[in-house]
Amino acid sequence: AGETARVNARITNPGRLPVQGVTARVIDTAGNLGVVIQDVGDIPPRASRELIFAIAVPPEFLLDAVSLLVVETISADGTTSRSEPQQVSVACVPRLAISAQAPAGQLAGGQSVQVIVVLRNESPCVAREARVSLEGLPPDFVPPPEQRVVELAPGSARHLTFNVLIPQ
């Protein structure tokens with residue numbers, strides 16, 4: 001989601017006569033990404049035209065899906081042709097929110113404190129392989145190891161605890 005898929009197409013006129021007024025379009029037969037159209041114009045006999053279609057995937061694409069893209073051409077006389085479907089996987093990009101609860105009270109050197117972090121998936125798709133780490137600690141602090149969240153369902157939250165040793 002939020003990226004652009006590029007489809008390269010070669011349109012060939014194998015015949016002995018020119019083909020006039022050709023229009024080409026990429027169709028997502030699964031209905032996820034819509035249709036992109038380009039005007040090709042006339043194609044002389046035994047000639048080809050190279051096209052690049054740019055298909056923008058909306059950033060708010062709400063699900064992981066498989067799209068089947070087909071290039072279809074139509075000439076001025078109504079002749080049509082279609083390519084074989086090409087499979088394209090489209091992934092929803094999860095939106096994660098994070099908040100941290102700093103330790104409360106008087107902190108002393110040599111003491112270990114816990115920082116509690118809440119990771120929340122605010123999107124309608126599953127978040128996978130999230131890595132959470134503490135940053136911005138003073139230079140003499142040893143940062144705790146990062147934590148990995150393998151999977152977080154839509155609307156779910158995970159509480160993570162980081163132990164931080166306060167230097168002497």
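Predicted model: local features only at pLDDT ≥ 70, side-chain atom pairs only at ≥ 80, totals over all residues.

Q: What makes β8 and β9 a pair?
A: A pair needs at least two bridges. β8 and β9 have 6, so they count as paired. In one spot, S99 stands opposite V118 in β9.

Q: What holds paired strands together in general?
A: Backbone hydrogen bonds do, in parallel or antiparallel fashion.

Q: Which sheet holds β8 and β9, and in what order do its strands come?
A: An open sheet of 3 strands, ordered β8-β9-β12, with antiparallel pairing.

Q: Why are β8 and β12 called edge strands?
A: β8 (96-101) and β12 (157-165) each pair on one side only. From one strand to the next, the twist averages 20 degrees.

Q: What makes β5 largely enclosed?
A: Count its residues. β5 has 10, and 7 of them are buried, so the rest of the structure largely encloses this strand.

Q: Which strands does β5 pair with, and how do you know?
A: Count the bridges again. β2 and β5 share 6. β5 and β7 (residues 86-90) share 5. β5 and β6 (residues 80-82) share 3. The cut-off is at least two, so each of these counts as a pair. Bridge partners include A24 with T73 in β5, L69 with Q86 in β7, and I74 with T80 in β6.

Q: What lies between β5 and β6 in their hairpin?
A: There are 5 residues between the strands, and G78 takes a positive phi near 90 degrees.

Q: Why is the contact between R10 and E50 called a salt bridge?
A: The cut-off is 4 Å from nitrogen to carboxyl oxygen. R10 and E50 meet at 2.5 Å, N to O. That is within the limit, so the name applies. R10 lies in β1 and E50 in β4, so the pair ties together parts 40 residues apart in sequence.

Q: How do you know whether R10 and E50 are buried or exposed?
A: Exposed means over 50% relative accessible area. R10 has 58%, so R10 is exposed. E50 has 53%, so E50 is exposed too.

Q: What about R25 and E72: buried, exposed or partly exposed?
A: Buried means under 20%. E72 has 15%, so E72 is buried. R25 has 33%, so R25 is partly exposed. The side chains of R25 and E72 meet in a salt bridge at 2.5 Å, N to O. R25 is in β2 and E72 in β5, 47 residues apart. Salt bridges with shared partners join R25, E72 and R82 into one network.

Q: How do you know that R131 and E146 form a salt bridge?
A: Their closest N and O atoms are 3.2 Å apart. The limit is 4 Å, so the pair qualifies. R131 is exposed at 53%, while E146 is partly exposed at 45%.

Q: How many salt bridges are there by this rule?
A: The count comes to 6.

Q: Which residues touch the most other members of the largest nonpolar core?
A: V7, V26, V40 and F53 do, in a core of 19 residues. β4 gives the most to this core, with 4 residues. Another core, of 14 residues, lies apart, and V113 and L119 are among its members.

Terms used: Residues numbered from 1 in each chain as written. Heavy atoms only, no water. Core = buried A, V, L, I, M, F, W, Y, C linked by side-chain atoms within 4.5 Å. Buried < 20%, exposed > 50% of the residue type's maximum accessible area, 1.4 Å probe, protein only. Helix = DSSP H or I, 4+ residues; strand = E, 2+ residues; numbered from the N terminus. Axes fitted to C-alpha atoms, helices over the stretch in contact; angles between N-to-C directions.
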